[in-house]
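Please keep the sequence and the 3D view at hand while reading.

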Amino acid sequence: MFAAESEREKKREEKDTNLQGPLTQQLISGLVNKTDDQLTTELSHILGFTNHCLCLKEASLLDFYICGFSWMKQMKFSERQMSFVVNLLHLMVSNIREKQMDLVENLMVFIESLAHQCSTSDEETSVLNTEEVFTLIGYLKNSLFQKYNIYQHLLRTNRDELLTGAQRDVEVFGCQSICSLEEGLSAHLFHLKLQ
C-alpha cells in the first residue's frame, strides 16, 4: 500500500518537473492569500518586472499573469494546478518573445504540454481533469490566442528602437503675412485689430 502511494507521488513529481517556469508550488502557496496590490508587487518582483509602471510591455505581461492568477483562484485550482497553469502561461509568452513562434506553432506546444501533463488514465497523477482542461482552453482562447497578433507585436518589437530610431523631417511654413489668432477672436476681428 505504501509502495503504491510512494510510486504515485514519484510519478506526480516527475510530471511537475517537466514544465519549469518562474513559479513553484511554494511561491504559489505564498501568493494565494495576497490582496491584489500585494499580488502585483510580489509577481512583479518574482517575474523581474522592475519598470512595469512605465513600460507598456512589462505592464501588459504583468496584467496577463495577474488576470490568469485571479482566474485560477476563481476556479478554485489547487496550488499544484496553479503552478502548472502559470508555468504554461510563461511558456506561451516565452515562445512568442524568444522563439518568435506563430500561433499554430504555439498552439502545438500548448497541446503537447497539456497532453503530457493531463492525459493519463490515473486521475491522481493527472494535473487537470477533462473539465478543467476545457476551461483552461477557453480562458487561453479569450486571453491570449484571440489577441495573439497584439502580443506578437508587443513582445517582438523593441519600443525604444522605434522611438529613438525614427527620423522625421518637418517643414515650417514661412509666410510672414499670416499671424496667429489670439484666443477667442475671429479672423475678421483680428485683421481689423492689426489695421
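**Helix α4 and its neighbours**

In this predicted model, Leu61, Phe64, Tyr65, Gly68, Phe69, Met72 and Lys73 of α4 meet Met82, Val85, Val86, Leu89, His90, Val93 and Arg97 of α5. Sorted by class, the residues of this contact comprise 10 nonpolar, 2 polar and 2 charged.

**Packing of α4 with α5**

- The axes of α4 and helix α5 (residues 79-97) lie 10 Å apart, and the two helices pack at an angle of about 155 degrees.
- Angles over 145 degrees count as roughly antiparallel, and α4 and α5 are therefore roughly antiparallel to each other.
- The crossing of these two helices, α4 and α5, is right-handed.

**Packing of α4 with α3**

- Helix α3 (residues 36-47) and helix α4 (residues 56-74) have axes that come within 10 Å and cross at roughly 120 degrees.
- That angle makes α3 oblique to α4.
- The crossing of α3 and α4 is right-handed.
- On the α3 side the contact is made by Leu39, Thr40, Leu43, Ser44 and Leu47, and on the α4 side by Leu62, Tyr65, Ile66 and Phe69.
- The residues of the contact between α3 and α4 divide into 7 nonpolar and 2 polar, with no charged residue.

**Helix α4 by itself**

- At 1.5 Å a residue, the 19 residues of α4 should span 27 Å, which agrees with the 27 Å between its end C-alpha atoms.
- The buried residues of α4 are Glu58, Ser60, Leu61, Leu62, Phe64, Tyr65, Ile66, Gly68, Phe69, Trp71 and Met72.
- These buried residues of α4 pack against α2 (25-31), α3, α5, α7 (130-145) and α8 (148-156).
- Tyr65 and Phe69 of α4 are buried; both take part in the contact with α3 and in the contact with α5.
- After α4 comes lysine 76, which has a positive phi, near 60 degrees.

**Helix α5 by itself**

- From its first C-alpha to its last, α5 reaches 27 Å with its 19 residues, close to the 27 Å expected at 1.5 Å a residue.
- α5 is mostly covered, with 16 of its 19 residues buried.

Definitions and conventions
Residues are numbered from 1 along each chain as its sequence is written. This is a predicted model: local features need pLDDT of at least 70, side-chain atom pairs count only at pLDDT 80 or more; totals for chains, interfaces and linings use all residues. Side-chain values use heavy atoms; hydrogens and water are left out. Axes are lines fitted to C-alpha atoms, for helices over the stretch in contact, and angles run from 0 to 180 degrees between N-to-C directions. Helices (H or I, at least four residues) and strands (E, at least two) are DSSP runs, numbered from the N terminus. Angles under 35 degrees count as roughly parallel, over 145 as roughly antiparallel, 65 to 115 as roughly perpendicular and the rest as oblique. A crossing is left-handed if the near helix is turned anticlockwise from the far one by less than a right angle, and right-handed if clockwise. Contact means heavy atoms within 4.5 Å. Ala, Val, Leu, Ile, Met, Phe, Trp, Tyr, Cys and Pro count as nonpolar, Asp, Glu, Lys and Arg as charged, and the others, Gly among them, as polar. The expected span of a helix is 1.5 Å times one less than its number of residues. Buried means under 20% relative accessible area, exposed over 50%, partly exposed in between (1.4 Å probe, protein chains only).
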